[in-house]
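This report covers side-chain packing and contacts in one protein model. The sequence and structure come first.

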Amino acid sequence: MLIGALTVAFACGAPQEIAAQDKPTVKRTELQRIALEELGNREGLMYIADFPAGGVAPRHFHPGPEFIYVLQGTLVLQEDGKEPHTMKQGDSMHNPSRRVHVGTNPSTTEPTKVLVFLVVEKGQPPAVPVN
């Protein structure tokens, strides 16, 4: 999902910005990263994804399961080979590990804010770009 210009800087508490060529930037702000020792070499990662109006998180996948909750606005998730799935404020979903998708804020005027929780192997990036 990450094509075009992409910055992946998931230092604890530091914002991460993702841009797709001429699309507005999606900012990710890490809230928590914690070892999940009962799951072996895994950690939980929680962050807020702020999509400005028209913001796009280009094609990517996550190396572990992703749990999404829309705090504000509308988010359209498009998995490869499937119809788009529109989520509104209060909606949640599970995105299985390694499922390639694109996230888009379809509004031309309003931002979208999403709470995301991932379970990943320690040392793995939270998102992997796909061309």
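The model is a predicted one. Phe67 also counts as partly exposed, since its relative accessibility is 37%.

The count of aromatic pairs comes to one. In this pair, the ring centres of Phe67 and Phe117 are 6.3 Å apart and the planes stand at 35 degrees, so the pair is tilted. Because Phe67 belongs to strand β5 (residues 66-72) and Phe117 to strand β10, the pair ties together parts that lie 50 residues apart in sequence.

The accessibility values are listed below.

| Residue | Relative accessibility | Class |
|---|---|---|
| Phe67 | 37% | partly exposed |
| Thr112 | 1% | buried |

The largest nonpolar core contains 16 residues, and Phe51, Ile68, Leu75 and Val114 have the most contacts inside it. Two or more residues of this core come from each of β3 (42-51), β5, β6 (74-79) and β10. Leaving aside residues up to four places away in sequence, Ile68 touches Leu75, Leu77, Met87, Asp91, Ser92, Met93, Val114 and Leu115.

Strand β10 spans residues 112-121 and includes Thr112. With a relative accessibility of 1%, Thr112 counts as buried because the limit for that class is under 20%. Which side chain makes a polar contact with the side chain of Thr112? The partner is the side chain of Asn105, at 3.3 Å. Beyond four places in sequence, the residues that Thr112 touches include Asn105, Phe51 and Leu75.

Methods:
Residues are numbered from 1 along each chain as its sequence is written. This is a predicted model: local features need pLDDT of at least 70, side-chain atom pairs count only at pLDDT 80 or more; totals for chains, interfaces and linings use all residues. Side-chain values use heavy atoms; hydrogens and water are left out. Helices (H or I, at least four residues) and strands (E, at least two) are DSSP runs, numbered from the N terminus. Buried means under 20% relative accessible area, exposed over 50%, partly exposed in between (1.4 Å probe, protein chains only). A polar contact is a pair of N or O atoms within 3.5 Å; within protein, one must be able to donate a hydrogen and the other to accept it, and residues adjacent in sequence count only if both atoms are side-chain atoms. Contact means heavy atoms within 4.5 Å. Rings of Phe, Tyr and Trp (its six-membered ring) pair if their centres lie within 6.5 Å; planes under 30 degrees apart count as stacked, over 60 as edge-to-face and the rest as tilted. A nonpolar core is a set of buried Ala, Val, Leu, Ile, Met, Phe, Trp, Tyr and Cys residues joined through side-chain atoms within 4.5 Å.
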